[in-house]
Amino acid sequence: MADVIKLARELGKALQQDSTYKAVADNQKAFDECKEISDKMQEFYSLRSDLEEEVLNGKDTDNKDKILELDTKIQDLYEVINNDPIVIKYNRSKKELDLLITQITQIISKSGEGEDPDEIELEQCTGDCSTC
């Protein structure tokens, strides 16, 4: 068993050397260092907090307009954030890394079920677990 764990650790190291992993790390760094995105993210979380507070504390008052206004601001800001080129690049690279990890997990899982690791056909995850 120690040999298998050692191989898993080696696989982890190999994953971290893969260009897919490195792209995510580079894009995460760019994301983290962008003050504009950071400011927008802080505003987004602040607005969400304000909305939650309005919903929780506004049971006895007529605050539907305030809730609608906050919800609209949140949706608009969400779109701005997700259309930022840095965010788009990060999300694409993260999706590629997630797919690679899913494929690795499939090989390990199916090997543990007795399938030949060289013959395992990799499935593309649709995000809907009912399709598997």
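Start by selecting E123: contacts (heavy atoms within 4.5 Å) link E123 to Q106 and K110, leaving aside residues up to four places away in sequence. You are looking at a predicted model, where local features need pLDDT of at least 70, side-chain atom pairs count only at pLDDT 80 or more, and totals for chains, interfaces and linings use all residues. Residues are numbered from 1 along each chain as its sequence is written, and side-chain values use heavy atoms, with hydrogens and water left out.

E123 sits in the segment after α5; helices here are DSSP runs of H or I, at least four residues, numbered from the N terminus. With 38% relative accessibility, E123 is partly exposed (buried is under 20% relative accessible area, exposed over 50%, partly exposed in between, with a 1.4 Å probe and protein chains only).

Next, pick S93 in helix α5. S93 is buried, at 7% relative accessible area. A polar atom of the S93 side chain lies 2.9 Å from the backbone oxygen of Y90. Show T20, A23, V24 and N27 too: S93 touches them, not counting residues up to four places away in sequence.

Finally, select helix α4, residues 64-82. Which residues of α4 are buried? They are L70, I74, L77 and I81.

Note on methods
Helix = DSSP H or I, 4+ residues; strand = E, 2+ residues; numbered from the N terminus. Expected span 1.5 Å × (residues − 1). Polar contact = N/O pair within 3.5 Å; in protein donor to acceptor, adjacent residues only side chain to side chain.
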